[in-house]
Amino acid sequence: MSELPEADEHALRHSKELEKVIRGQIESEDGQISFAQFMQMALYQPGLGYYSAGARKIGAGGDFTTAPEISSLFSICLARQCAEIMRDLNGAVILELGAGTGVMACDILTELKVLNALPRHYYILEPSADLQQRQQQLLAERIPDLESIVSWLDSLPEKTFEGIILANEVIDAMPVRRFCLDNDNVDELFVVWEDDKFDWKRGPADAELDSKVKTVLQQPVSDYPHAYCSEINSALDNWIKSLADCLARGLMLFIDYGYSRHEYYHEQRTQGTLLCHYQHHVHSNPFLYVGLQDITASVDFTAVAEVGFNAGLNISGFTPQAYFLLGCGIEKIMEELKYEDVREQLEASRQIKLLTMPDEMGERFKVIALGRNIDMALRGFSLVDHRRRL
Ligand SMILES: C[S@@+](CC[C@H](N)C(=O)[O-])C[C@H]1O[C@@H](n2cnc3c(N)ncnc32)[C@H](O)[C@@H]1O
């Protein structure tokens with residue numbers, strides 16, 4: 001805690017209010033809740049959760065930054081991939097999930113307009129009312145001429161559509177259940193309130209968690225180190241199934257940090273992948289600054305592929321972000337852009353490095369494509385495709 005910047009009085013009061021609501025939930029459930037419930041409330045409790053409340057979250061003045069915030073080159077690459085797919089579809093729409101500040105939507109639509117490949121409609125599904133408002137403001141300022149084709153949804157469309165579903169860094173923001181192994185047993189890590197603070201408490205996993213954990217682990221429980229802990233996204237199945245139900249024809253593109261399953265549940269990753277972001281400081285304690293910091297877990301891309309496959313989708317590609325962007329021609333796009341001066345050009349080179357270098361976002365972030373009734377070579381996966389590693 002000592003290395004984290006101090007929160008101001010107003011923010012701390014806000015955090016205390018949310019803390020009280022979560023404590024109330026813990027009391028009403030006989031003294032403990034799952035970590036997924038805690039994370040859900042910490043991030044999405046109406047009016048109080050990290051994503052639901054009004055503080056600035058994403059970008060330089062917030063807590064963390066994302067690829068579309070780093071550079072419009074990222075979104076231009078996505079737009080080029082979308083244009084290629086939409087040529088093959090009938091009056092396609094794009095649905096973006098969790099659009100953050102709205103900058104990716106602005107840059108994608110601007111590029112699609114240049115390419116003369118605008119979708120029939122661009123939908124945004126954003127659960128945070130605060131972010132939705134910010135997105136509406138940004139789009140109104142930056143692309144007023146395209147406003148008429150953009151609308152915000154409160155839930156997934158009831159009618160199926162042909163098109164593309166995009167989500168950048170959305171799956172990592174979904175609540176996860178935490179577990180810990182103890183010889184032959186799987187325990188769940190619950191959240192309790194003790195000695196005036198939130199804390200972990202181990203208890204036997206229920207049958208559902210026990211079975212899910214045993215499915216994802218790479219070896220028998222007893223072969224893992226004692227007290228091996230990790231997490232599992234138990235909402236992922238229904239989430240992908242409900243998206244698959246919407247898509248008559250087209251592609252889903254998910255970009256996020258994570259691993260294939262054998263890397264995720266590697267025996268040496270003994271403490272899982274939970275990370276918290278507060279004012280650009282990264283640490284692993286989700287009980288600090290509740291409601292003021294982001295909480296994330298890496299994505300098990302094998303799980304994404306499995307659920308997609310079981311929902312009738314094809315796995316159309318899986319590659320590190322660097323290769324996706326290079327396959328979409330990020331370097332050529334940079335050469336094509338007109339820069340005011342050499343400083344601007346150097347800044348674009350710096351951004352490309354951040355997005356593609358292996359020790360920055362290039363390797364840690366991956367892109368997975370799940371398709372329905374679509375059979376075409378995708379430029380983003382033309383250089384490297386790691387589908388077989390899933
Ligand atoms: C880490 S932010 C990423 C924002 C943006 N995509 C970007 O790259 O800057 C996570 C976003 O996902 C949204 N989100 C979380 N759960 C979601 C869900 N089930 N469906 C759609 N969006 C969700 C959050 O409200 C937030 O906008």
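The torsion about the S-S bond of Cys180 and Cys229 is about -45°, so this disulfide is left-handed. A search of the whole structure turns up one disulfide. It ties together distant parts of the chain, with Cys180 in strand β6 (residues 177-182) and Cys229 in strand β9 (residues 229-232), 49 residues apart. Strands here are DSSP E runs of at least two residues, numbered from the N terminus.

Keep in mind that this is a predicted model, where local features need pLDDT of at least 70 and side-chain atom pairs count only at pLDDT 80 or more, while totals for chains, interfaces and linings use all residues. Residues are numbered from 1 along each chain as its sequence is written, and side-chain values use heavy atoms, with hydrogens and water left out.

Now for the ligand. It is surrounded by 18 residues, and the closest are Tyr44, Thr66, Gly98, Glu126 and Asn168; a residue counts if one of its heavy atoms lies within 4 Å. By class, that shell holds 11 nonpolar, five polar and two charged residues.

Look at the atom pairs next. A side-chain N or O atom of Glu126 is 2.6 Å from a ligand oxygen, and a side-chain N or O atom of Trp239 is 3.5 Å from a ligand nitrogen. Taken alone, the ligand exposes 590 Å², of which the protein buries 93% (Shrake-Rupley areas, 1.4 Å probe).

How values were computed:
Polar contact = N/O pair within 3.5 Å; in protein donor to acceptor, adjacent residues only side chain to side chain. Nonpolar A, V, L, I, M, F, W, Y, C, P; charged D, E, K, R; others polar. Disulfide = S-S within 2.5 Å. Helix = DSSP H or I, 4+ residues; strand = E, 2+ residues; numbered from the N terminus.
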